[in-house]
Every structure is written in structure tokens, then in C-alpha cells.
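Please look over the briefing below alongside the sequence and the coordinates. It is arranged by topic, with the cut-offs given where each term comes in.

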Amino acid sequence: VTSPRGAFISLFVNFLVELTALATTCRFRAAIMMASSYNAKDEDGHITVSGPGGGTLRSKKPENTAFKQQRLPAWQPILTAGTVLPAFFIIGLLFIPIGIGLFVTSNNIKEFEVDYTGIDMSSPCFNCSQNFSWNSTRPCTCTIPFYLDQPYESNVYVYYGLSNFYQNHRRYVKSRDDSQLNGDVNSLMSPSKECEPYAFHENKPIAPCGAIANSMFNDTLELFYNDPNGTRIPIPLNTTGIAWWTDKHVKFGNPGGNPNLTAAFQGTTKPLNWRRPVYELDADPGNNGFINEDFIVWMRTAALPTFRKLYRIINKKSSMVPTLPRGNYTLEVVYNYPVRSFEGRKRVILSTISWMGGKNPFLGIAYITVGSVCFFLGVVLLIVHHKCGNRNNSADISN
Amino acid sequence: MTWRSPLALVRDALRGQRAREKDLRNLASNLPYEGLEKAKQPNCYFPGNAIKTTKYTLLLFIPMNLFEQFHRLANIYFVGLAILNFVPVVSAFQPGVALIPICVILSLTALKDALEDFRRYQSDRKLNNTPCFIYSRKEQQFIKRHWKDVRVGDFVKVVCNEIVPADLLLLHTSDPNGVCHIETSNLDGETNLKQRKMMSGVCISDPEFEPESFNSAVVCEKPNNNLNHFKCYVEKPNKEKVGAGIESLLLRGCTVRNTDHAVGFVVYAGHETKAMLNNKGPRYKRSKLERKLNTDVIFCVILLFTMCLIGALGHFLWLQALPGVPPYLVPDGNGHLDSPSLSGFYMFFTMIILLQILIPISLYVSIELVRIGQIFFITNDIDLHDEGTDSRVQCKALNITEDLGQIEYIFSDKTGTLTENKMVFRRCSIMGTEYAHKENAIRLAVLDVPVSEEEVILNQQPRPPRIGWSLDTEDSNPEDKWHHHDNRRKSKVTGNAQSDAAFSSLLEAEVIPDRKLLQQISRAESSSSSRNIDPYLDFFLGLAICNTVVVSMATARRQRVSGFSRSDQTSSPLDTLSSLVKKSGSLQHIFPSWQHKPKKNRTISEDSVEEEDHVKPPVKIEGSGDTNKLRTCSLHTPSQSAMTPDNLSYEAESPDEAALVYAAKAYGFTLLARTPECVTVRLPSGEDLVFEVLDTLTFDYNRKRMSVLVRHPITKEYVLYTKGADHAIMELLGTPYTEYLSGKQKNIAANTQHHLDCYAKEGLRTLCFTKKVVSDKAYESWSVNRQRALAAIDNREELVMDTAVQLETDLSLLGATGIEDRLQESVPETIMALREAGIQVWVLTGDKTETAVNIGYACRLLEEEDLVINMSCGNKFACTSMLDCTLEEVRRYSEDPRNVDTTQNISLVIDGRTLTMALSSDLQKRFVDLAKRCRTVLCCRVTPLQKSRVVTVVREQLNVMTLAVGDGANDVSMIQAANVGIGISGQEGMQAVMASDFAISRFKHLKKLLLVHGHWCYTRLANMLIYFFYKNVAYVNLLFWHQFLCGFSGSAMIDYWLMIFFNLFFTSVPPIMFGIMDKDVSAEMLLGVPELYRTGQGAGEYTFTTFWISMLDAFYQSLVCFFIPYLAYRDSDIDVFTFGTPLNTISFFTILLHLSIEIKAWTVVHWVIMLGSVALYFIVTLAYSAICVTCNPPSNPYWILQRQMADPMFYLLCIITTVVALLPRYMFHVLRNSIAPSPLVKARHLDRLDPSTRDQCMKEWRSFRGIAHVRPFRLSTPPSPTLETPVDIHPHSSATSDIMWDERHH
């Protein structure tokens, strides 16, 4: 085969055609022997002369092509110590620097986490955690002081974290209506069956329907910087930019083209556990209704039972001042979300991020470990190669 | 259409059923009833001739096809799962989506079935509408109708070259002798013409055949599928019964040849014809691998259930541990939550749905595709194509290709399998005198020599002495003779392109007579007094008469034009032409027409066609100027006037018959014509004798002889000529040829027996010829018995055979012949290679022990230094003790430490009678135990039934894979009994091929078929299966590990569509390609080092351990693929399906790269498919993620992969996970290959060397094993005492062997 790549297409098509032909003929040669052999006579052999001039007849001799004779040029790697040695050293040499880089990057990320579940008696939120209910009208507030021992230079991401919350439960994940969330009016009024039993309440369709929406995280978090001189300066938290752009602009949409959300959601009712209807989630019409970003973030169900979700972003104001300077802070929580039914924990996380996301040293360690293991194996193989490699020489094949 | 009561309809149906089921059928002519409605017809209960082979009808296709498909257990399983998915409490996915895979599989299969059925429908329609001639009373002539209009009881006329539309009882033919020639190649592949006799005296046929005069009833048996038996009699109005058998039946599907037209009475039509009853579907066998595969599928099921149980239990415990009702626990529609135990119970089923891919749905489809691909490559192998017959290897069983790679025992037939089955007359003994035919032997030796050694031969061999043999009409000068040999060799080089399909090859056709015998004959000729009773004349008359050879004109021989066209390609047309012209100079009887214009310079095929037109007056055929028809029509029984001995050729059912007739012809006793009534023989004096044939007692395996009873035209005596196997004849001898040589008192029988033994030792096939003069009275009484037997319906065979035995007594011995059946080319090498491959080769033959042993030595089945144990004993007691002694001896021998190093081997030769006893249930174990220790077992004188018994016993007792190879009808049972049956499409018809799983044309093809294709097919499929299981487990376990993190709730983190695509598209093609195209070792290495075949024997690569190792690997890899991303994404804001996407991708790469570790040879196809799969994965997933905004809830993959691919973490994760997942397997391969390389790996190392070094290494390897001692090949061996004329044979054979030896060492 002179140019395998060029000839390949025709070759492959040819192969497929022959395969199908073979598949059918082989199988039914016997079954329709009587039928076909009358006309297949010509192929069988003796007495066909095609036309007056030509004495040619299709011989049954197979074509002597590299493909049909299974002689296509081939690369035949044999995995032996000698041949794979370089691969191991290369992997080792590549992985260790990558790992170190990842580890350093991860270590540079600053992260602060505070648990405000209120399990301990000493915890400021203990009281709130004791008398909770989804529908309690009187909000319970608790204040958690904390101290940041280093300044956060870049944008700071505020997360709330839940543990032991199985958002990935099969029936929980399903309990939503994507077309309703997309703004489909029909689905708004008649939510999908998947939403049950959170589809209708008192014969009114629930908007947004389903268990996910119903169990939406509804604590409110506020952050204050305790100035050394005693004043509490509220830190501005950005409510937008926390959801995926595609989610906010493509996947989620408010029903109808009606800018008046109250009218648009006319005839629906709020989820059972919600305090306010969906069209009152935010004052900003660009962040209200189904396209409320807190809501969108919640609707992206977490993969693992312990998860965090982006709550707010603290944008860096100027390059001179750190976003969060070192010092004392106060976190004010409006404690609404009950977690005791599943022994859950609630956390607030302040974190800067890098190109590789949040703080996680695992990948860096993994790269360094695997790189070292490969390097070590490379050395082992080098020894193996020196001990056994000579035996593999073709000269002494019979051993 | 008149209205009929339903009762009447039911009654009719019942009556029809009864009529069809009866053992005997009464048929009458339809003609008196013509035009009446159907119910009044006498034969209305029997089906018409229209056939319907389609399985389905248009309306019922879907239900019927589904019903058909649900016979497969796997399909039911998957449909059950899909249905389970519709139960809301357990559904894991959207119910509709779960149906997709099974629907795809079902509809693909249905589509395939529909296409196939449509093809059948088309061919049925075409066949049903084929025109034919049916007699109509109204028109008073045969009118043109269609096949489908033919009914039982009709009279059908078939003209030359037409296909018989239904089974016809032959009533009239255009041939004055009342015969009709048919070709049955459509039925059994046999290309020789067969004669059918018409039933006379049933109709008025003079001067015109009048069907209306037929007023008898035809009574025939119930339709059956035996092509060679038919029982029927015609009862005339006067109650006289005339019997008829298969010799008067024209079978549907046969082609009428050589006869202008024939008229028959339709006995069976449509589906009741023998041809249709014989028409079974393709063979279905289960391969060993598949049986093992099924147990592994069961293991998978167990694994699946265990995992589901873990899931169910886990869910139960998880729910139990919950302190309250968390918001993520979704109650059912009524707001009710199931109890933990009930939820756990439901979870079990959800898990089954979720993890169902563990049982690979596409496995069976993939295996089928792989096998089709493998068969494609096997049938396309150019090395397995036989130029001589232009036939490829045929795979008839579609699902046992991999069994070819696991064979441990081969059972081979001898005649036609190891040997050519092209018989050559070698020597004869007449009245106790040996005629050695030295010249003939020399001629054969010259022919035998391989072409490359031509020079050597020319130097070593003296030119064959010219002897004056006046009988041969063409007598070219010695120069020509040499040319002619050269040409023959050349034609051999061009791949036997010119070899003829029929038996009368050059080899047999030419016999150089023995000088002494010629003199003897001429002496007998001249002394007219003893002329008619001379034993020499009788001997040759017997040779010429006692057979069933059909005489045809040489011009009419059906040539294979393809042979010419191919030689056109190989050499220039002119060369071929000239060589043919030279050839024709000496071989006029092959191409007589060439004499006229030998220098014509045109393409050959055109020539030959034209010449025939020109030489023969074209036979009249209506409406067709087709050259094909012309040519075949000219094949007719030669008329007396146009006959010359030269252009006769003989077509025989068995090749030795033809060889004997040619031998007789060489001595001037030319068989000129044979009809059922008479035989014409030309004597050396030129006188033509016409013998009236009174009866032919055909050959059967029980009698092992045949006889022809003729009336001598001069003496008017009834003479019975009998020929047969010596032991079948010797015990029937009565009075010796008393009139002759009474004075000498020679014990002819003893002498002949001595000669026979010598012949047998030389490897010749022996036949005895006898004569018996039957007195008029004896004949009369016997003839009455015979007629009665022939007309019998019950036990007809036995009765007919009894009459034959009655007559064949008291025979007087004339002499014996020795016919050589030459070994096929490369048989010894093939057997050596197979043995090195660890395969035991047994030969089962019907021949004499001596012949078999000799052939055994010749084909290196037996070696000179072997210990040959010959077992032959008369009674069971002797047999038992013999078996015990031998076994003890053999045990002691093999345990003796002194024998460890010696290469001496034990071989067992056993004859049929002893074998019967040895295979009896109490001795069976001991026999098998003995046979196991022997390198070779030769069973002689075995019947077909014993052959299959031996195969069955070995297969079952030793639990090994067996292969049986044979070419004749007597091998059919053996072929069917073995795990793999191979038919050799040789000289003895096609029964073996029809019964076989694979059909090859030469024995030597077995080597490549087993060593290369068998090995490849096995390793490919085995590796693919292991990979397939691995793939599914590795993928499904990702979901399983996820359960530990989602409360065992049965949720999936991968989009279900992508999951389906993953198995259906992304990772389905690479393993199939792997199964079709992977090549672990090159064909050259596999052929060069047959030892490599041993890897497949026994368990091979697909064993319990390999299966579980790959399972463990799958578990490990899925763990890595799940938990590395898990640790990387732990406590982050990742969502379910974003988490699933890298998992899916990582798993995809791991699975593909795992395959690339397993792939041994990367061709361009591999690259394209592997890279294509990767491209397909990304393109499809990206497109799907871009389009799907609200589709497929809950996963909703919108823009997930795009986001991931913009994230460097994704790539870093993919790389490290894949590396970690594959590291152990990679290391395992590397270490195994480096520290303890398997022979296959060593072979692969050798493969990479350049060819010359490689050959050197291969030789070293083989010699190291101590198996391949290259020793000269010799025909006669020391253990067998040679004849009194050994010198005649030895010089050339040793010359041959020297050359072969040299050749091997070059």
C-alpha cells in the first residue's frame, strides 16, 4: 500500500459493503440454496462465457490486497522494560513540576470557613437552631464574630456550605420542571409530574415547582468589618454574577414577555416552604423571578452531600486596598434554614480563587505522588531491563 | 367459488392431513380431471409446486419478528428491565429513554431480518415464475406454464439444460435407450452426469408420447429428504406392479443434460420435493468460547445482583440512620414516604435498572459482527484459494470460527483427504502373475517431480524408453514427449490452471502398458481357440465392463473457462496458447479440435467455443443462441459412427473406476459406450463386442464389491464380473479358473493374495476381479427373485442386497489391480506442523492396515523410529488382555527414566474389528487411556459409523476439542460428530462439504486455517470478550461508587443519553475492530513456529483467571476513575452533572487506552477508528450539550462540557486519572513481557526482525524444541518388506527425497 491514508476511505467503504454482502449471503446461502443456486450457477464454475468477445469470467480468487490479506503495514509495539522506560521517566519528569505548581497555587488561595449551625451550646446560633420551623414568621438572627489573620487581596467569594444534604438523591434531582423554569407558560400553569408532590398547592400550580425549589436555602448572610475604632462597616456583597451566564440567560427565564412579574406569575402559588413568592425574591427586576441568581445557584444540584454554593462576591475595589483587610469581622445570619432533620451543618466560606478554582491541595499532591511513583517504576524497569533485557534478544529466543 | 359448509372444509382438511401423513401415497394422473374444481382433483391434498421460503408475511412481520427475537433470553432480560423502568417507584431514568437501547438492538435485528426475508421473497417469486411445460388435455400438447402451476399428477416436459421443476417420475425421454442424463450440482455439488432410466410400458410412447394413455396409479412413499433413495411402484389397471427407484426420479433442481427432452409424472411438488426437504438452514453450533462466555455472563448476573443487594441494603441503612425527614427526601404523589425497608426493596430493582449495562447488551451483536468480519478475512485468504478448482474456503457454520484455534485432536479420513483421490493405475496381477508396469511407474515419477528441480531430474533420470505400444494412436517422437513433460510442469507452475475438474486427468488417462503383458495379450488374441475363455482377455473385459462409468465425447467436456482467463493473466496469451498447442499435439483426446487450426492466434476461450460450434453440428434448441447451452448440449452419448477411441472420456462416480477403464483402454480394451441395456467394448483386434447388461449389482459398504451381469455376445453365456476389496472377494472364491492352466496347478489365489499384500504395503489400493459363469437356469430363478425384490416397498434395500449376495458366490479369481492414490501436496509438512502445534492427528480409514500404515509413513504420521503397536485381535477376551498388556507396557515405557530424552514415540494401529471391541463400554476407558499416550492412532477398516463413534468417544472421554476432516459421504457422520467438521471438496461429491462447518479444497489448507486463522480468530475473540466484560464493569461501577455518596438512591451523575451513546457509539466500534483485525503475531511466524498454536488449546487466553483479573482491573480502574475526581472536587460547588462529565470523559479515555494497550498491531484502520471514536465523543457530546437547553430532564447537559473544556482542571484531572488507572495494567504487561515472556511475545520480537534473520531464528526455535527433525521423505520404509522389484521404485523416490531435503535446507 503506497499511501494508506489516501486509500483508506475507499478501502473502508469497500470493506463495509463486502461485510454486509457477506453477512447476508453467508447466512442465507444454505437457506435459499435452491433458489439462488439456479442463477448463481455462473459463479459456481463451469460454463459461462460472457459475451462473444470476452472469455473473462469472474474468478473466485480473492483479491491480493494488503487489506484483504491482512497485511496492512502496522506498528507493532511490544511493551517491554526497554521500550517503555522513557515513557515512565517522561511522565515522572512532567508530573512532578505540574504537581508542585498545583500545590503552590492551591496553597496561595486564602480560605476562611466558619460553621454557624449552632449545635454547641456556646454557639451564637444555638438558640436559633433549637426552635426552627420552615414557616416560622419571626426571623431569628444570630451574630458570629470572626477574625481574619491575613488580608484577602483579590475578589473574595462568599459561599454557604451544607453538609449531609443529599442534593444528589435520585428523586430529589428529578423533582423540577425545566421548561417551567425556562419560562414556558403552559408548564407554569401545569407543572410536570416530576414535581409531585410539590406541583400543586390548593389547586394552584406551584411556581417554581418541585422539591429542589421547595427546599431552597433561605438564610440571609451579612458581613461587617469591625473597624479597629469600633464601628461596623457593612461590606457590600454582590448578588449578581454568581450563576452561570448560560443558566441565567438561556436556561432560566421568566414566563411570558411580561415585565410585570406579579402579573406573569398570576394564578400560581409559592412553594410551601418559601416565605415570599418567586417574583419577590429581589427588588431588581433583572434578578427576580426565575432568573434570580440565588435561585439559579440552588437549582444546580450539588454532586456530593457536602457541598458549598456561591452566595455573594466581594469585588475588589482598588488595587491599593485589600478586599478584606486583616481584622475582626462579624457575620450576621438570619437563621431560617433547618438542618437538624438530617444532621446537617451550615457554614460560611470566604475564599479567593485561582485559575484552578477553590483551595484543594489534592490534585497537586496527586501529581507529585504519581510523578514520583512513575519515576521510581522507571528505575525499577531500568534494573529489570538490565537483568532480563539481554535475554530478550532474538539470538537467544529459545530460552 | 361455490359456498361450502365449514364442516365440509374441516372434513376436507382432516382428510388432506391424513392423506399427507400416510406412509404410502396413491397418485393418479390429473388429466382426466382437467378443468374440474380443486376439491374434485384426485391429488388435491398434496401441495402445489409454488414455494414459500419466507419466514414472515407483510402484515404479521412485526409481531412474528418480535416473537422470534424474544426467543433470545438476553432480549427478554433487557425488555423486562425497560418495562421495570415504567414502574414509578423503581424507575431510575425516564421510562422512555430506557427503551432506547433495546429498541435500537431489536429494530436493527428486525431490519436485517426484513432485508433477508425480502431477498428470499424475491428469489421465491423468481423461482415460482420460471416457465415450464405442462401437458394440457384441452390443447393436446405441452403448454408453457409456470413452476408454481405444477401440481402432483401433472405431466411435465423438461428440455435440455432446463431445471427440473418438481420431483418427476421419468416416463419418457428423447433418448432411444430410455435414459436421461442429469446434473445434480445444484443439489449435492457433484458435477458428473448421472443417468436416469425411464419407466417403460406405462404409457404409449410410440411414435409420440401420449400422457393421456397413462391410466395407472403411482404408489410412492411419504416424502423424505434422502436424495439417494426413493421407493415407488406403478400399479397398472391390470394390477401388475412395476417397481421404480431413485434411478427413475428426476429431482427438483437438477439440470437435464445431454437429453433433448424428457417427460415425467410429478410425484412430489413444492416443499415436498427432496430438494426442498434437504434444504435446512445454516448450521448452528455453539463454540467452546461461547459456552464459557455464557457462564461468565452468569457470573456477571451474580455480580450485578450482589451490587444491587448492596445498594438496597445501603439504602435501607441510610434511611434508618436519618434522624428526621430531610427536605431532600421526596415523598410520593400523596405526600407519603415509604418505610426504609420498602424503599430498600424498591431500590434493589432501581439498582438493577441502573447497573443493567453490566450485562452487556451489545455483546451478542458485537460477537456476530466480529465473526462476520473474521469469516470475511478467512474466505478472502488467497492462500486458502485453490487454483485448480477455483474454490475458496467456505465457512458454513458462522459461529465457531474461534474453535479453529483450540483444536487438540484431528481425525482425518485418508482417501481424498490425505491423498489426491486421483487414482493412477500402477500394477496388476493376473492369474497369479505380477506385471510391474515399470515404464508407467517411471512416467509417474517424472510427473511427480517438482518443477524447480527440473535440471536435476533431467540429469538423473534416463529418458523413458520408447516402447512400441501400437495401441496408442498418437505416437509422438521422444522430443515431443519431453516437451510434453515440460509443459505439464509448467502448467503445474501456473497453479494447475489447466487441471480438469473431472477424474480423467492426464495422470489417469495415460497408462503405459507393460511389455510382458502386452505380449501375453497378443498371444491370447492370436490363439483364437482359447480366445473367449482366456483369463487375460476376461480380466480386461472385467476392467472395462464392471463399472458404472459414463462415456462421453472428449469435445463435450465441460471446460472451465476461468482457468484460461487466469492463465492469460499470469503469462502472455501467446505463451499459453503455444504451450497449449504443444500440449494438444500429444493430448489430442483433450483438445481434439485443436488439430484443425492449431495456430489460430486468438483468445483461447473464444477459440474453444467456436471450434466446438464448428466441429459439432449444433444441437437444436428453441429460442436460444446462447453459447453455454450449445456447448453443454453437445455433450451426448456418442453415436457408433463418430466414435474413435481417442476422443472418449470417462466420467465415473469414483475415480478408481475411471482409472481402471483407462488402464483397460491402454491395452486396447476400449469401453465405447454404456447404456443401461448394453456395453460396447472394442477389443484390441478392432472388433466391437456388444454385451447385453442384465443387471448391475451396485457397490455398497457392506458388501464392498460390485458386479455386472452381462450376456456374452459370442458364447451367449451369462457372465458375472465382480470386483471388490480383496477380503470381500477372497472368501467368495469357488472353483478356480479350472479350464485354464490346470496342468500348472498354480495356486492362483495364494499368489494373488501375496501380490495384494505387497501392493498394500506399497500404499496401493487393491481390487480383485473375478468372473463367474451363471447357468441359464440359475439366472432364470435368480432373476425372478431380483424382480420381486426391486418391486418391494418395504425393506427393499435389504432384499436387493440379499439377491446380490445370492448371486455373488463361487467366483473364480481373474486377478487384482493396484491403484495408486497419490498423497496430496504438502501433506507431510502439514501433518508435521499440526503435530508441532500440539494437535494429535488420527487417521480413520476404510483401507487395509498395510495400505494405511504405508500412507502413515509416507505422510510422516508414523516415523521410522516410532514404536508402532499393532492391535488386531479376534475376540473380546484377547482384546481385553491385549489392551491391558499394551497399556502396562506403554506406562512402563513412558515412566522409564531412560526414555525421557529419546524422541521415540508410540503409535497405535488398530483395525475395525478390534476397534469395535475396544470402544465397547467396558474397554472404552482403557482404550482412550492408551490412545492418549500415543502420538498417532491409525484406525483401519473402519465403517462410517465407527468413525463417528471414535470421534465421539475421544471428544467425550478426554473432553477435548476435536476436528474431523473428510471428503466423502462416509465421513459425514464423523464430521458431524466432531466439534469442528471440515469437508474437503475433492473428488467424491459434496456430501462431506454439505455436512461440514468449513469446506476447504486441499488438506494443506488445514495448516493455515488452523495455525493462522484459528489462532487469530481465537485470540481476537477471546481478547475482545474479556475486554467487553471489562469495559462494561469499568463503566457501570462509576455509577455504583456514586451510590455510596448519594445515599444509595440510585441516581446517576452521567446524562442518560450520553450513557447510551457511550455504549452504542463511542466505545462500540473499537472492540469490534479489535476482534476483527488485531494481529498478535504475523501469519509467517504462526506458520513457521506451529508451537504458537498451543496457546489456544485447553483454556487458552480466555480463562477463569483472565476473566477475573480483568474484572478486578475493571474494579480498580472504576475506583480510580471515580475517586480521583471525587477527591479533587470534594467540598466544592460542583453540581451533579458537571461532576459526571469529567467522569464520563476519563472513563472514555481509560477504556480506549486500555484497548490500545491490548492492541498488538496498529494499522491505519486502527488509528482511524480510535481517533474517530475520540472525535465522535467530543463532537457528539459538545453538540448535544449545545443544543439541549431544556431537554432530557433532570440532567440537562446544557453547556456543561463547554464550560468544563474551558477549565484547565478538567484536563489535569483527565490526564492524571487515566495514567493512574492504566498504570497497573501497563506495568503488568511490561513486567510479564520482560521477565517471563510468553512464546507469543518472543514470536512478536522475531516478527520485527528482517526476514532472513527471522527465518534463521525460527529454524533455531524449532530445532530447539526437538520436533522438527528434517528427514528425507521416503515412500517405502524399512518396516514394510518391499516387493520383488523395489529397485524400480526406489531410485526416483530417493531422488525426489534428496531434492526435497535440499530444498528445505536452502
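**Strand pairing, salt bridges and helix contacts**

In strand E26 of chain B, Gly815(B) is the bridge partner of Ile430(B). The model is predicted, so that local features need pLDDT of at least 70 and side-chain atom pairs count only at pLDDT 80 or more, while totals for chains, interfaces and linings use all residues. Residues are numbered from 1 along each chain as its sequence is written, chains are lettered from A and ligands numbered from 1 in the order in which they are written, and side-chain values use heavy atoms, with hydrogens and water left out. Helices (H or I, at least four residues) and strands (E, at least two) are DSSP runs numbered from the N terminus, and two strands pair if DSSP finds at least two bridges between them.

**Strand E16 and its partners**

- Strand E16 of chain B covers residues 419-430 and is mostly covered, with eleven of its twelve residues buried; here buried means under 20% relative accessible area, exposed means over 50%, and partly exposed lies in between (1.4 Å probe, protein chains only).
- E16(B) runs antiparallel to strand E26 (residues 812-823) of chain B, and eight bridges join the two.
- E16(B) is also joined by three bridges to strand E17 (residues 433-435) of chain B, again in the antiparallel sense, and in E17(B) the bridge partner of Ile430(B) is Thr433(B).
- The hairpin of E16(B) and E17(B) has two residues between the strands, and in it Met431(B) takes a positive phi near 50 degrees.

**An open sheet of three strands**

- In chain B, three strands in the order E7-E6-E12 form an open sheet with antiparallel pairing.
- Strand E7 (193-197) and strand E12 (255-257) of chain B stand at the edges, each with a single partner strand, so one side of each is left without a neighbour in the sheet.
- Neighbouring strands of this sheet are turned by 45 degrees against each other on average, direction ignored; the axes are lines fitted to C-alpha atoms, for helices over the stretch in contact, and angles run from 0 to 180 degrees between N-to-C directions.
- Five bridges pair strand E6 (residues 179-183) of chain B with E7(B) in the antiparallel sense, and Lys197(B) in E7(B) is the bridge partner of Val179(B).

**Salt bridges**

- Side chains of opposite charge can pair when their charged atoms come close.
- Asp149(B) and Arg145(B) meet through their side chains in a salt bridge (3.7 Å, N to O); Asp149(B) is partly exposed at a relative accessible area of 24%, and Arg145(B) is partly exposed at 37%.
- Asp695(B) and Arg786(B) form a salt bridge with an N to O distance of 2.9 Å. Asp695(B) lies in strand E22 (residues 688-697) of chain B and Arg786(B) in helix H22 (residues 776-791) of chain B, so the pair ties together parts that are 91 residues apart in sequence, and both residues are buried.
- Glu825(B) and Lys1004(B) meet in a salt bridge (3.4 Å, N to O). Glu825(B) lies in the loop between E26 and helix H24 (827-836) of chain B, and Lys1004(B) in the loop between strand E33 (998-1000) and helix H32 (1005-1043) of chain B, so the pair ties together parts that are 179 residues apart in sequence.
- Glu825(B) is partly exposed, with a relative accessible area of 41%, and Lys1004(B) is partly exposed with 26%.
- Salt bridges that share partners join Glu111(A), Glu113(A), Arg308(A), Arg347(A) and Asp1131(B) into one network.

**Helix contact in chain B**

- The axes of helix H8 (residues 363-379) and helix H34 (residues 1069-1077) of chain B come within 8 Å and cross at roughly 35 degrees.
- Residues of H8(B), including Leu369(B) and Phe377(B), meet residues of H34(B), among them Ile1072(B) and Met1077(B), where contact means heavy atoms within 4.5 Å.

**Chain A overall**

- Chain A has 13 helices and ten strands, and buried residues make up 51% of its 399 residues.

Methods:
Salt bridge = Lys/Arg side-chain N within 4 Å of Asp/Glu carboxyl O.
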